[in-house]
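Work through the exercises below with the sequence and the model in view, and try each task before reading its solution.

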Amino acid sequence: MSTTTERPRVAATAASAPATAGKVRPRGRKSPLATALSHGALITASLIALFPVLWILYVSLGPGKTDYLHPGDILDKMTLSNYTTVLNDTDFFTWFGNSLIVAGVTTVIGVMFAATTGYAVSRMRFPGHRPLMWSLLVTQMFPIAVLIVPMYTIMSTLGLLDTHLGLVLVYSTTTVPYCAWLLKGYFDTIPVEIDEAGRVDGLSPIGTFWRLILPLARPGLAVAAFYSFLTYWAEVPFASTFMLSSDNYTLSVGLQTFVSEHDSQWNLMAATAVMIAIPSALFFYLVQRHLVTGLTAGASKS
Amino acid sequence: MSVAVQGATGQGSRERDPRPGLMERLKRSYAKHWYAYAMIAPVVLVLGVLVIYPLVQGVWLTLTDANSLNSARTIGANEIPATYQFVGFDNYADILWGPGSYDRFWSHFVWTIAWTAICVALHYTLGLALALLLNQKLRGRTAYRLLLILPWAVPTFVTVFSWRLMLADGGALNSVLGFLHLPEPSWLSDPFAQKAAAILVNTWVGVPFMMISLLGGLQSIPAELYEAAEMDGASAWQRFRYVTLPGLRTVSSTVVLLGVIWTFNQFAVIFLLFGTGAPDAQLLVTWAYYLGFGQQPRDYAQSAAYGVILLSILIVFTTFYRRWLARNEQANG
């Protein structure tokens with residue numbers, strides 16, 4: 001129970017840190033104790049946050065299937081053989097490419113549509129405005145179970161089963177509403193005077209949106225893009241239901257082929273998992289500066 | 001300033017002039033709003049075709065006895081037409097009070113509610129605590145922030161998989177517990193430990209989003225408010241209670257709502273952690289998936305009926321939640 005007991009401690013220190021901070025001290029200055037406690041709590045939390053990621057990296061270096069049970073032994077026989085096996089002897093690159101196509105296209109389409117919708121909802125009052133906002137929220141509530149069967153039927157009727165396009169469309173239904181919601185909040189923080197200035201200079205509403213608002217909303221767009229990419233980069237239930245042939249598998253589906261009832265190649269899975277995490281980590285690094293403002297700009301002001 | 005953005009929560013008080021004829025109104029509305037409609041068209045189209053239509057079909061399925069043996073399907077070159085029948089509300093009746101409904105539905109229902117409440121509470125408190133820590137002037141703040149959001153940047157698939165290795169019998173977590181002479185539960189097979197493990201993993205997965213959102217909220221609270229409070233002699237707790245919490249209200253209400261919706265429908269964590277091998281830890285969502293896709297013959301009708309029940313629960317919750325928020329808003333001015 002080590003991890004579970006550590007968590008409340010983090011919460012407890014957090015609650016007490018502001019209490020000890022600056023009772024008589026001038027603003028912005030804290031007692032050394034409070035600072036030390038804050039650092040302690042943050043370091044503990046960071047370790048907890050980081051550990052599983054480092055752990056899988058470590059396990060992926062052990063060559064044997066059951067090495068994760070004896071992590072101590074891995075130190076002596078560290079090797080990259082899992083990585084070479086996955087890269088050379090499996091369809092990794094095919095799956096990787098498929099995932100990249102599906103997640104990439106979903107992201108582009110999703111952000112584009114979400115941006116126009118978010119802008120329309122943020123700036124224009126039109127009949128159907130409220131139902132639209134409401135349905136953007138309600139689509140977040142759809143449990144996949146209620147949609148997956150009918151979607152499966154529709155996909156098979158349209159001949160989109162086992163195609164990338166089908167998966168992109170299915171994914172768009174859940175990312176677009178959330179991103180539109182997110183971006184609406186972001187657009188709300190951009191002063192309306194900018195739109196008006198654009199209008200005065202003779203831009204159409206779409207021109208204003210494209211030339212003035214979009215560039216200003218870049219942090220919000222970055223976060224929305226990150227969110228869509230991340231959600232669908234290694235999505236499981238839809239992908240494993242809709243993708244039927246190994247050529248079209250995405251990473252998450254392909255990965256499952258390593259584990260069957262009689263043969264679980266945990267070492268290969270670990271190596272693959274690490275490689276899956278790399279692109280999303282890169283993407284994350286690119287947008288992390290914008291995350292705070294992008295996620296909450298609107299929610300905190302409206 | 002930005003437009004009065006009351007979007008979803010607004011009272012919808014558009015000025016009403018005397019109504020002209022229907023055609024006239026449509027024409028006028030089109031002339032005035034066509035930009036808006038052009039911009040929302042793609043979303044409305046996609047939502048209509050891929051959400052509303054399946055939803056209607058899904059609801060229709062719940063009124064039949066459809067399963068994989070009697071639905072339309074293609075075997076080789078043969079098209080076999082659907083033979084399922086309309087059965088009215090039998091599926092719902094069977095789920096809610098049919099024989100064995102406690103084991104099939106209510107036990108999962110109770111667990112799902114408990115799961116949602118516990119997870120969201122943990123997400124929120126831990127997220128807020130970390131956000132408060134990160135919002136101070138502190139050396140290495142950016143580095144901490146980067147490390148703490150990291151769990152969010154790793155695909156759920158990968159993190160859950162890593163946890164599975166750590167939680168396995170003889171895995172990292174139990175080795176540590178054994179070293180400390182603490183009990184070593186079998187996280188992945190003992191029913192109670194399974195639930196604890198699921199909550200643990202989901203908390204780990206969900207805190208970063210909360211933390212970042214709340215940090216954004218904290219940063220938008222004007223510093224003057226804190227100064228004023230301090231001038232008035234407010235203690236740290238009072239500043240937290242009367243400045244921070246009210247300042248976070250809008251962000252909090254949004255993230256808690258989203259958190260509840262996402263946690264309630266959380267699929268990946270349970271599904272990837274246990275597969276279908278943990279009957280007690282299945283949430284309603286994963287259970288519904290199991291009925292529809294994890295067994296033979298696949299029971300489409302019951303699976304969809306679960307879906308409709310889930311959706312109804314969430315809609316009822318959201319409606320009450322927003323009403324409660326609106327009332328609070330009024331009470332607090």
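For sorting residues by class, Ala, Val, Leu, Ile, Met, Phe, Trp, Tyr, Cys and Pro count as nonpolar, Asp, Glu, Lys and Arg as charged, and the others, Gly among them, as polar. This is a predicted model, in which local features need pLDDT of at least 70 and side-chain atom pairs count only at pLDDT 80 or more, while totals for chains, interfaces and linings use all residues. Residues are numbered from 1 along each chain as its sequence is written, chains are lettered from A in the order in which they are written, and side-chain values use heavy atoms, with hydrogens and water left out.

**Exercise 1. Describe the interface of chain B and chain A.**

Step one is to count the residues in contact (heavy atoms within 4.5 Å): chain A gives 114 residues and chain B gives 113 residues. Step two is the buried area, the accessible area (1.4 Å probe) that two parts lose on being put together, summed over both; here it is about 10200 Å², with 77% on carbon and sulfur atoms. In chain B, the residues that lose the most area to chain A are Met39(B), Leu50(B) and Phe157(B), together 7% of what that side buries. Step three is to sort the side of chain B that touches chain A, which has 78 nonpolar, 26 polar and 9 charged residues.

**Exercise 2. Find the salt bridges.**

Begin with the rule, which asks for a side-chain nitrogen of Lys or Arg within 4 Å of a carboxyl oxygen of Asp or Glu. Applied to the whole structure, the rule finds 3 salt bridges over all chains, whereas across the interface of chain B and chain A it finds 0. One example is the pair Arg123(A) and Asp195(A), whose closest N and O atoms are 3.1 Å apart. These two partners lie 72 residues apart in the chain, Arg123(A) in helix α5 (residues 92-123) and Asp195(A) in helix α9 (residues 192-200) of chain A, where a helix is a DSSP run (H or I, at least four residues) numbered from the N terminus.

**Exercise 3. Classify the lining of the largest cavity.**

The lining is made of 39 residues, and among those nearest the centre are Tyr227(A) and Trp262(B). Sorted by class, the lining divides into 24 nonpolar, 14 polar and 1 charged. Finally, α7(B) gives the most to this lining, with 5 residues. A cavity here is a set of points, on a 1 Å grid over the protein atoms alone, where a 1.4 Å probe fits but cannot get out, and lining residues have an atom within 4 Å of a point.

Technical notes. 1 Å grid on protein atoms, 1.4 Å probe; cavity = no way out; pocket = protein on both sides within 12 Å on 5 of 7 lines; lining within 4 Å. Helix = DSSP H or I, 4+ residues; strand = E, 2+ residues; numbered from the N terminus.
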